[in-house]
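Hi,

Here's the structure I promised to pass on. Have a look at it first, and then read on for what turned up.

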Amino acid sequence: MNRPIVFAILLAGFAAPALAQEYPSKQIRVVLPFPAGGGSDLIARVVAQKLTGSLGQTVVVDNRAGASGNIAADLVAKSPADGYTLLFGNSSLSISPAVFQKLSYDPVKDLMPISMASSYPFTLVTHPSLPVQSVRALVALAKSKPGELAYASAGGGTMSHMAMELLRVRTGIKLQHLPYKGAAPASVSILSGEGQLGFVVMPVVAPHIKAGKMRGLGVAAPTRSTAAPEVPTMEEAGVKDNIAMQWNGFFTPARTPQAVIDRLHREVAKTVHLPDVKQRFDAEGATPSGNTPAEFAAFFKSETEKWTDVARKSGTKLD
């Protein structure tokens with residue numbers, strides 16, 4: 001092998017570690033697809049604060065709500081692939097290809113998974129004025145008044161929307177849909193009674209359930225939540241195969257150097273398992289992850305396939 005080629009190979013081998021050591025050298029922006037106050041926002045800010053210390057650079061959260069998370073995702077997908085603009089994406093990323101006819105970006109091709117931060121279940125809740133105490137009673141009421149009950153969601157194409165579509169597929173009920181721009185305004189709608197029910201993430205609804213301002217009917221997870229252990233799972237409540245988990249994690253634009261991705265993964269994985277962070281997650285009903293980029297990518301693929309099937313069966317299409 002001639003000397004120039006050998007030299008080039010050796011140089012490439014040293015470049016990745018050097019890049020990882022140099023990164024980061026300036027502020028990192030984490031773009032969040034939803035408004036402040038929602039479940040993803042709570043988790044993002046806890047992690048960003050810790051990353052500021054471990055990375056030695058300020059990590060700021062930039063809320064860019066709208067279009068079911070696609071405004072933020074498009075912004076990051078078209079940002080420089082240098083590790084300084086990240087997306088704190090959530091379950092909506094796996095739904096968008098299934099329900100939107102036209103996307104200005106491709107979640108699979110234009111974004112690269114770094115690591116999942118956490119996951120937590122959606123919980124079916126109602127306003128206390130709705131005369132039901134169980135999922136079975138709710139289904140019976142909805143069937144007696146087809147299309148009259150209204151549910152609030154964080155927006156068309158979000159997991160809170162599709163979780164209800166999944167319930168409709170499983171039970172055959174018909175409901176009105178009230179889409180909002182994020183989990184926080186959707187929760188306000190249910191608290192006020194404008195939205196009579198909805199699937200909302202456990203970190204947001206747990207305090208309201210404890211205060212009696214919302215009634216928890218079912219957790220869309222395999223097991224009950226530590227944040228509200230008195231609420232049964234959807235299967236315990238009588239509806240099988242009704243799993244709707246809100247996951248969230250870090251993505252970067254495609255073609256970001258592997259050394260940068262590896263550095264970010266290591267720091268995220270360490271951060272989410274810090275005792276005080278894990279304690280905060282437990283209080284919110286969230287489970288820390290920190291999985292590898294490859295594991296996160298495989299999970300993302302399986303979620304996309306699942307919600308594509310639900311969208312097809314429910315006839316859900318947006319745009």
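Predicted model: local features only at pLDDT ≥ 70, side-chain atom pairs only at ≥ 80, totals over all residues.

On one side of helix H6, Arg136 and Ser144 are exposed. The other side tells its own story. In this helix, which covers residues 135–144, the buried residues are Val135, Leu138, Val139, Leu141 and Ala142. Looking down the axis of H6, you'd find these buried residues within an arc of 165°, so they line one face of the helix.

Next up is Asn90, which sits in strand S3 (residues 85–90). Is Asn90 buried or exposed? Its relative accessibility is 3%, so Asn90 counts as buried, the cut-off being under 20%. Setting aside neighbours within four places in sequence, Asn90 is in contact with Phe34, Ser40, Gln246, Trp247 and Asn248.

Trp247 turns up again with Phe299. If you leave out neighbours within four places in sequence, Phe299 is in contact with Met116 and Trp247. You'll find Phe299 in helix H12, which spans residues 293–314. Phe299 has a relative accessibility of 27%, so it counts as partly exposed. One last thing about Phe299: Phe199 is 100 residues away from it along the chain, and their C-alpha atoms are separated by 22 Å.

Cheers

Note on methods
Residues numbered from 1 in each chain as written. Heavy atoms only, no water. Helix = DSSP H or I, 4+ residues; strand = E, 2+ residues; numbered from the N terminus. Buried < 20%, exposed > 50% of the residue type's maximum accessible area, 1.4 Å probe, protein only. Contact = heavy atoms within 4.5 Å. Arc of directions from axis to C-beta.
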